[in-house]
Amino acid sequence: MTEMVQSGHDGPVVVRRSRLKKALSNVKFWRGLIAICVFLGLWEIGSRWESWFGVAFPYVGLIPAPSAVGLAATEVVTKIGYWTSWVDSFKRVFVGFMAAMILGIPFGLALAVNKYFRGIFFPPFEILRPIPPLAWVPASLIFWPTNEMSIAFVTFLGAFFTIVINVLGGARAIDVRYLRAAQSMGATQWDLFYKIILPGTLPSIFTGAAVGMGITWEVVLAAEMISGGGTQAGGGLGFFIWNSFMGGSLEQVVVGMISIGIAGYLSSSAVRALGDYFMPWRRLF
Amino acid sequence: MQKEETARDAAGGRLSIRNVTKIYDPEGVNVMAVDDCSMDIAAGEVCMIVGPSGCGKTTLLNAIAGFHSITTGEIYLDDQLLCGPSKPQASMGADRIVVFQHGALFPWKTLLENVAYGPIVQGSMTKEQAHALGKVMLEEAGLSDVADKYPGEVSSGMARRVEIVRALINSPKVLLLDEPYRAMDALTKSIMHESLLEVYDRTKVTIFFITHDLEEAIFLGDRVYVMTTRPCKLKKVVDVNIPRPRDYKILSSEQFRLLVEEAKEAVHEEALKAFQAGERELA
């Protein structure tokens, strides 16, 4: 996704290469790298404490060593089931997130610009908003015909409320000077909406999207574990972890956890890249 | 001089404020911001409005621009009624463009796109035409280097100059400036003044300029209108008979000094009243 977005611009390759070069010559980059290595080293030592000294290191000693996790990972990545878990989880995140964006942005904007709309829909929205998405799981399992649809619905809820509240806040916070300036230069209501309110709200839309994306991953994973997706639909990464746990393979549990970390990072990068693409004026800051 | 004024009359821009009163009524507490204020501003005049903070100058500007209504009185632009008893709030229009104190360039548009905005939304030009004209106007103002930058990339002085170009592209009859240079340091301010005078000498647009800075008022203005403390009404008019084009040499002239003194006396009296009123309110 990142690549696709970048290629739409002039000379992205040059920018990327120089960025990498910059990173390699940057003290911060090496500091970060060393910090990660030290962390892994300590973790390794903690895990091997028992075999070296005969006593288990408290807590850390119970977690499989990074080397064992790495070994398990090399085995896991050869299995097709692991990759279908990725695809399944990504699909759910994507469907839920996109639905939340498609419905949430217009809904938030409508709440912001029309006081009657706000008067009718904001109070019920505010009552539903504090309900954590996971509290919806049993109800949606009953309500929706398939497991897959209930997971998608719960995922959608996770992102929807955050996106709406951000869009609403952003659109309401647009400085009145911009609206007056545009109106005195002859902007129609449509111009105001399309050329002032919408671009003025974009930063908040992307803030909402970034936060919403994080919540979406949390919710997907939890929903996958709860619904035990393996029976009907594909398992997803949540079920992969749960399954590994039930099967007693702690190494695989950690592989699954790190996979989710990577998946979440990729998703947020995609949101950031989209934000940069749609808001060129924000790239300066 | 006489000949020039007739030429300006044809282009319009005469602003006539007749017995305007504005009472704000938030939650039943009447606050009179403007009280029976009248002034006649000739077409092509640079009219500087000076008065204590919070005296209601901006209220007057907002009424002309159509951002707020007036309670009684009338405001005419040339022979057209902007607002009056039958129509308390003027409609906003491109014949009166405001340049705001903190600037209102759209941050999501490049400076050129900002300048081209008016003609595009008015439908008077295509995007290409508006951009072409915008480029020419930015070049005239010596701003062509920054045309493709975003407002966030340039200094506030630069942004304010672009904003004036953005106003002028609409060929307004009146330019309404609400303390546009307030937050600037003295050096930037002097550059702003020069560029505004240059713009004025080129366009002869009517300028309604609110400020606190007396030297600024006399350096730029044809007339300085000293306003009373709230409720705002006209206290004194100082005619500035310094010939144009003006440059910084006049700042050290005796004539300039005398005019500043004359205005200062009137302003100081009002500022003191405003200050004392403020103290009473607090106590």
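This is a predicted model: local features need pLDDT of at least 70, side-chain atom pairs count only at pLDDT 80 or more; totals for chains, interfaces and linings use all residues.
**Stop one: confidence in chain A**

Start by colouring chain A by pLDDT. The average for chain A is 85, and 91% of its residues score at least 70. Now select helix α6 of chain A, residues 115-128: among the elements of this chain, α6 has the highest mean pLDDT, at 94. Then move to helix α1 of chain A, residues 2-7, where the mean is the lowest, at 42.

**Stop two: where the chains touch**

Next, show chains A and B together. Their contact takes 14 residues from chain A and 21 residues from chain B. On the chain A side, select α9 (176-184) and α10 (189-227), the elements that give two or more residues to it. Helix α9 of chain A gives the most, with 6 residues. Colour this side of chain A by class and you will find 8 nonpolar, 3 polar and 3 charged residues.

**Stop three: an arginine in chain B**

Finally, select B:R160, which sits in helix α5 of chain B, residues 156-168. Is B:R160 buried or exposed? B:R160 counts as buried, because it has 25 C-beta neighbours inside 10 Å and the cut-off for buried is 20 or more. Not counting residues up to four places away in sequence, B:R160 touches B:G103, B:P180, B:Y181 and B:M192.

Note on methods. Residues are numbered from 1 along each chain as its sequence is written. Chains are lettered from A and ligands numbered from 1 in the order in which they are written. Two residues are in contact if their C-beta atoms, placed from the backbone, lie within 7 Å. Helices (H or I, at least four residues) and strands (E, at least two) are DSSP runs, numbered from the N terminus. Ala, Val, Leu, Ile, Met, Phe, Trp, Tyr, Cys and Pro count as nonpolar, Asp, Glu, Lys and Arg as charged, and the others, Gly among them, as polar. pLDDT is the predictor's confidence in each residue, from 0 to 100. A residue is buried if 20 or more other C-beta atoms lie within 10 Å of its own, exposed if 12 or fewer, and partly exposed in between; C-beta atoms are placed from the backbone.
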